Amino acid sequence: SGHKFLALYTAVAQPRAAVIVVHGLGVHPDWALIGALRSRLADQGYTTLSVQMPVLAATAKVEEYLPLFPDAAERLQAAVAFLKGKGHRKISLAAHSMGARMGNFFLAGAPDNGIDAWVSIGISSGEFTAPGKLRVPVLDLYGERDFPQVLKQTEARAAVLKKIKGSAQIEVAGADHYFAGHEEELARQVRQFLDLRLK
């Protein structure tokens with residue numbers, strides 16, 4: 001809609017594929033696990049584009065983000081267009097927490113979204129919305145010590161994934177919602193899934 005937003009683009013020579021990386025609530029495209037994920041995936045042969053999502057004041061409640069989902073989806077569509085413009089044919093989405101909810105909204109709302117695989121990391125609502133509209137393989141990745149709502153809904157998410165070919169669910173032992181101290185394992189699991197799905 002004509003406004004600019006920040007994205008961090010890390011190109012690699014002869015990339016396996018491209019990954020759009022999406023942060024969670026109130027942070028930025030190089031924050032903590034997002035910064036680790038975007039740089040480690042680039043080290044392992046994936047071009048990455050880490051995108052700034054809409055952010056409200058630090059005091060904002062989760063519900064206040066819901067009206068921003070269309071803006072988030074517009075940014076993700078712009079990110080796909082940017083990567084396609086750079087010649088990438090295989091594009092995946094790796095999104096954390098609230099970013100995973102925004103990614104879910106984008107994927108369910110735009111059938112021809114240009115995404116070939118989705119890594120949902122600790123989706124903060126604990127559930128996939130409009131699962132019948134998800135058309136790509138999904139990796140549901142979460143920490144053993146994740147938020148209660150994430151852990152409570154693992155079986156429900158697993159039931160959804162059984163209906164989506166090529167999908168998987170992985171719990172990272174010892175990890176919290178932010179994968180603090182487990183960034184290497186997070187990147188490894190994401191890379192392994194993408195290696196298989198984006199051949």
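S120 finds its bridge partner in strand 6, at D140. Four bridges link strand 5 (residues 117-121) with strand 6 (residues 138-145), and the two strands run parallel. Strands here are DSSP runs (E, at least two residues), and helices are H or I runs of at least four, numbered from the N terminus.

The model is predicted: local features need pLDDT of at least 70, side-chain atom pairs count only at pLDDT 80 or more, and totals for chains, interfaces and linings use all residues. Residues are numbered from 1 along each chain as its sequence is written, and side-chain values use heavy atoms, without hydrogens and water.

Seven strands form an open sheet in the order 1-3-2-4-5-6-7, and the pairing (at least two DSSP bridges between two strands) is mixed. Strand 1 (7-10) and strand 7 (168-176) are the edges, each pairing on one side only. On average, neighbouring strands are turned by 15° against each other, direction ignored. Helix 1 (residues 32-43) packs on this sheet. Helix 1 touches strand 1, strand 2 (17-22), strand 3 (46-51), strand 4 (91-96) and strand 5 (contact: heavy atoms within 4.5 Å). The direction of helix 1 makes about 155° with that of strand 3 (angles run from 0 to 180 degrees between N-to-C directions of axes fitted to C-alpha atoms, for helices over the stretch in contact).

Helix 1 also meets helix 6 (residues 183-197): their axes come within 9 Å and cross at roughly 50°. Helix 1 contributes L33, A36, L37, R40 and L41 to the contact, while helix 6 brings E183, E184, L186, A187, V190 and R191.
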